[in-house]
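Please prepare a short briefing on this structure for someone who has not seen it before.

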Amino acid sequence: NGGFQLFDPGNANGVPGVTPTIDGGSQLPAPSGSTQELAQKVLQTLGEKCFYDFHVSGLGKNDGATALDNMRDAAAGRPVKTSAYSDAKGKTTTLEPRMLQAMLAIYQAGYTSVCRISSIAGSDHSEDSAHYDGKAFDMENVTNAAQILAICRQYGARLVLNETTDLHCGW
């Protein structure tokens, strides 16, 4: 499978009243607030430096769809953009609140490699990618990938992929 590990969280995620935990230990906070409030908190907590202001492919310069552009737009209450060169052809969407809460939880758990978020809704992905619906993020040069992917799953991620040091979490 090309070095990817595929996890399917099944139906346990998203069951009302279930609070995710890190390795059966401390409870993770449940998502709260609007998407805009969560995006603001993510930017305040992680800082803008944690989000790429370019596309790894080198395409789409100044397209308004970098990970940093997506976070700034969401924090300002605006829809986020996909890249015009992608299968989504420059549409707009909103960000998944559980994804934003997972970003916070990853950072708060001490996995500061979350500071390498390379794409959210922008860039080029497979045709039906969750990225284009604001429901996925990619990270580069990740350490502690298994723990980070576990947190994503605990917040309801349906598709988590790990290839060497890069990963994908999708809702």
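Among contacts (heavy atoms within 4.5 Å) between residues at least 6 apart in sequence, 62% join residues at least 24 apart. The protein has 171 residues, and 46% of them count as buried, where buried means under 20% relative accessible area, exposed means over 50% and partly exposed lies in between, with a 1.4 Å probe and protein chains only. This is a predicted model, in which local features need pLDDT of at least 70 and side-chain atom pairs count only at pLDDT 80 or more, while totals for chains, interfaces and linings use all residues. Residues are numbered from 1 along each chain as its sequence is written, and side-chain values use heavy atoms, with hydrogens and water left out.

**Overall layout**

- The protein contains four helices and six strands; helices (H or I, at least four residues) and strands (E, at least two) are DSSP runs, numbered from the N terminus.
- Along the sequence, these elements follow the pattern α-α-β-β-α-β-β-α-β-β.

**The four-stranded sheet**

- An open sheet is formed by four strands in the order β3-β4-β6-β5, with antiparallel pairing; two strands pair if DSSP finds at least two bridges between them.
- Its edge strands are β3 (117-119) and β5 (159-163), each of which pairs on one side only.
- From one strand to the next, the twist averages 25°, taken between axes that are lines fitted to C-alpha atoms, for helices over the stretch in contact, with angles running from 0 to 180 degrees between N-to-C directions.
- Strands of a sheet pair through backbone hydrogen bonds, either parallel or antiparallel.
- Two bridges join β3 and β4 in the antiparallel sense, and Ile 117 stands opposite Met 139 in β4.
- β4 also pairs with strand β6 (residues 166-170), again in the antiparallel sense, over four bridges.
- In a regular strand the side chains alternate between the two faces of the sheet.
- Both faces of β4 are covered, with Ala 136 and Asp 138 buried on one side and Phe 137 and Met 139 buried on the other.

**Asp 138**

- Asp 138 belongs to strand β4 (residues 136-139) and stands opposite His 168 in β6.
- The side chains of Asp 138 and His 168 make a polar contact at 2.9 Å; a polar contact is a pair of N or O atoms within 3.5 Å, where within protein one must be able to donate a hydrogen and the other to accept it, and residues adjacent in sequence count only if both atoms are side-chain atoms.
- Although buried, Asp 138 has no salt bridge, and Arg 153, the nearest side chain of opposite charge, is 14 Å away.
- For charge, Lys and Arg count as positive and Asp and Glu as negative, whereas His and the chain ends are not counted.
- Leaving aside residues up to four places away in sequence, Asp 138 touches Arg 116, Ile 117, Ser 118, Ser 119, His 125, His 131, Leu 167 and His 168.

**Salt bridges**

- The structure holds four salt bridges, each defined as a side-chain nitrogen of Lys or Arg within 4 Å of a carboxyl oxygen of Asp or Glu.
- One of them joins Arg 72 and Glu 48, with the closest N and O atoms 2.7 Å apart.
- This pair links distant parts of the chain, 24 residues apart: Arg 72 is in helix α2 (residues 67-75), and Glu 48 is in the loop between α1 (35-46) and α2.
- Arg 72 is partly exposed, with a relative accessible area of 37%, and Glu 48 is partly exposed at 39%.
- Asp 73 and Arg 78 also meet through their side chains in a salt bridge, at 2.8 Å from N to O.
- In that pair, Asp 73 counts as buried at 11% relative accessibility, while Arg 78 counts as partly exposed at 46%.
- Another salt bridge is formed by Asp 133 and Lys 91, whose closest N and O atoms are 3.0 Å apart.
- Asp 133 counts as partly exposed at 37% relative accessibility, as does Lys 91 at 32%.

**Helix α2**

- Seven of the nine residues of α2 are buried, so the helix is mostly covered.
- The buried residues are Ala 67, Leu 68, Asn 70, Met 71, Asp 73, Ala 74 and Ala 75.
- These buried residues pack against α1, β1, α3 (97-108) and β3.
- Just after α2, Gly 77 takes a positive phi of about 85°.
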